Amino acid sequence: MRVYIVMMLQFIIWSGYTFIEWLSKHDQLIYKVIMFFVFFYLAYLIGNQLTGSARKTLFITTLSLIIYTSIHYTMALFIH
């Protein structure tokens, strides 16, 4: 159950990152990369706080990022 909660919270974080990236579409690439690492670290910290395992948290965070990205790009293909 904790893994499910962590995944849902991380999906919310990735959605927030997508929204903020959309708002800052005229920023330079370096700022977007820095912002990505800040959000990744935030997702990792929240996951680590709930799971208590660094290895499991890294796996869940990477998995949630891959799933969110695939859903995001799949929806973009259908919409555009």
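The model is predicted, so local features were taken only at pLDDT of at least 70 and side-chain atom pairs only at pLDDT 80 or more, while totals for chains, interfaces and linings use all residues. Residues are numbered from 1 along each chain as its sequence is written, and side-chain values rest on heavy atoms, with hydrogens and water left out.

The protein holds three helices and zero strands, in the order α-α-α along the sequence. Here helices (H or I, at least four residues) and strands (E, at least two) are DSSP runs, numbered from the N terminus. The C-alpha trace spans about 40 × 30 × 15 Å along its principal axes.

Axes are lines fitted to C-alpha atoms, for helices over the stretch in contact, and angles run from 0 to 180 degrees between N-to-C directions; angles under 35 degrees count as roughly parallel, over 145 as roughly antiparallel, 65 to 115 as roughly perpendicular and the rest as oblique. Contact (heavy atoms within 4.5 Å) involves residues of α1 including Ile-5, Leu-9, Ile-13 and Trp-14, which meet a set in α2 including Met-35, Phe-39, Phe-40 and Leu-50. The residues of this α1 and α2 contact comprise 16 nonpolar, four polar and three charged; Ala, Val, Leu, Ile, Met, Phe, Trp, Tyr, Cys and Pro count as nonpolar, Asp, Glu, Lys and Arg as charged, and the others, Gly among them, as polar.

The axes of α1 and α3 (54-79) come within 9 Å and cross at roughly 50°, which makes α1 oblique to α3. This crossing of α1 and α3 is also described as right-handed. Among the residues that meet are Val-3, Met-7, Phe-11 and Trp-14 in α1 and Ile-60, Leu-63, Ile-67 and Tyr-68 in α3. Ten nonpolar, six polar and one charged residues make up the contact of α1 with α3.

Helices α2 and α3 pack at an angle of about 130°, with axes 9 Å apart, and are therefore oblique to each other. Their crossing is right-handed. Contributors include Phe-36, Phe-40 and Tyr-44 of α2, and Ile-60, Thr-61 and Leu-65 of α3. The α2 and α3 contact divides into eight nonpolar, six polar and one charged.

The largest pocket contains about 180 Å³ of space. A pocket is an open set of points on a 1 Å grid over the protein atoms alone, where a 1.4 Å probe fits, with protein on both sides within 12 Å along at least five of seven lines; lining residues have an atom within 4 Å of a point. Grid points are joined across faces, edges and corners, and the volume is the space filled by probe spheres set on the points. The largest share, five residues, comes from α3, and the lining divides into five nonpolar, three polar and one charged.

Definitions and conventions:
A crossing is left-handed if the near helix is turned anticlockwise from the far one by less than a right angle, and right-handed if clockwise.
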